[in-house]
Amino acid sequence: ELLSITISISFGIFLFVFNNFLLSAIIKNNLINIIFNAISIFLPLVIIFLIFSQKNKRIKEIEFYFSSFLRDLVEGLRSGRSIVKVLETLQNSDYKSLSPLVRKMYLEVKMGIPFEDALNNLAKRSESTLVKKMSLTVSEAVKAGGDAASVIEGVIRSFLEVEKVRREREMISAPTKINGFMIYFMFLIIMVILIKFLIPAVGSSQQININLREVNIILLLLVLIQS
C-alpha cells in the first residue's frame, strides 16, 4: 500500500512538472495543459482512495468473520481437541480475508509459538482495532489460566453487542449524511447559477462596476469551504 501510494504521488508530481515546464512550451494548447494538470492531481487521489477503500473493505470483512472463527474455535475446544488440531481444521475453512491469517496462525502454533502470541500476531496483521481488542482480552485470559472456551464465548457476546451498536449508529447517521450531500449539491447549483448567469448579467450593467474575476474567486473559495 505504501509503495503504491508513493509511486502514484511521484507519478503525479512528475506529470505536473513535465506538463508545466516542458509540454506547455512545446504544445501551445491550454485545454491539453489543463487536462494533464487534472490527471496529475486527480489520478493519485483516485488511486489512494481505491487503496484505502479496499483496505477498509478487507478490515470490515475480517471483523465480520472473526466472530465465526472464534465460535468455531470454541466448538473445537469443547470437543476435547487440542488448539493445534482445532486450528489445523479451521485453516481450511472459508473465512474470506481472514483465512490467510488463520493459516499463518496455525503454522505459528504448530512451530511452538504460544496460542496467545499467535492470536495477537493475527490481530496485528488484521489492522483492525476491534480484532486487536478482542484478541488481547482472550490472550490475557489464557495467560491468567482461565477456561479459554468460556472466555472466548464472552468475547463473542461482547463483539456482537459492539456490532449491534455500530449498525444502529450507522442507521441513525445515514439520514444526516444524505441531507448533507443534498444541501451541498443545491449549494453547487446556486453557485453555478450565480457565476454563469446572475453575476455576468449584473456586471454587464453600466451602473454597477463588478470585478468578475474577484467575485468568481470568492465563490470558488466558498465552494471549497462548503466541500
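1. Helix 2 is the largest contributor to the nonpolar patch, giving six residues. The model under discussion is predicted. Helix 1 (2-26) and helix 2 (30-78) each provide at least two residues of this patch. The patch lies on the surface and is formed by Ile9, Ile13, Phe16, Val17, Phe21, Ile41, Phe42, Leu45, Val46, Phe49 and Leu50, with about 1,100 Å² of accessible area together. Leu45, one of these residues, is located in helix 2.

2. Several residues of helix 5 are buried, namely Phe115, Glu116, Ala118, Leu119, Asn120, Leu122, Ala123 and Ser126. The buried residues of helix 5 pack against helix 2, helix 3 (83-90), helix 4 (99-110) and helix 6 (129-143). Just after helix 5, Glu127 adopts a positive phi of about 60°.

3. Asp94 belongs to the loop between helix 3 and helix 4. Asp94 counts as exposed because its relative accessibility is 54%, where the cut-off for exposed is over 50%.

4. As to its surroundings, Asp94 touches Tyr65 and Ser99, when residues up to four places away in sequence are not counted. A polar atom of the Asp94 side chain lies 3.3 Å from the backbone nitrogen of Lys96. Between Asp94 and Ile59 the C-alpha to C-alpha distance is 16 Å, with the two residues 35 residues apart in sequence.

Terms used
Residues are numbered from 1 along each chain as its sequence is written. This is a predicted model: local features need pLDDT of at least 70, side-chain atom pairs count only at pLDDT 80 or more; totals for chains, interfaces and linings use all residues. Side-chain values use heavy atoms; hydrogens and water are left out. Patches are made of residues with over 30% relative accessible area and no salt bridge: like charges are joined within 9 Å, nonpolar side chains (Val, Leu, Ile, Met, Phe, Trp, Tyr) within 5 Å. Accessible areas come from the Shrake-Rupley method with a 1.4 Å probe; for residues, only the protein chains shown count as cover. A salt bridge is a side-chain nitrogen of Lys or Arg within 4 Å of a carboxyl oxygen of Asp or Glu. Helices (H or I, at least four residues) and strands (E, at least two) are DSSP runs, numbered from the N terminus. Buried means under 20% relative accessible area, exposed over 50%, partly exposed in between (1.4 Å probe, protein chains only). Contact means heavy atoms within 4.5 Å. A polar contact is a pair of N or O atoms within 3.5 Å; within protein, one must be able to donate a hydrogen and the other to accept it, and residues adjacent in sequence count only if both atoms are side-chain atoms.
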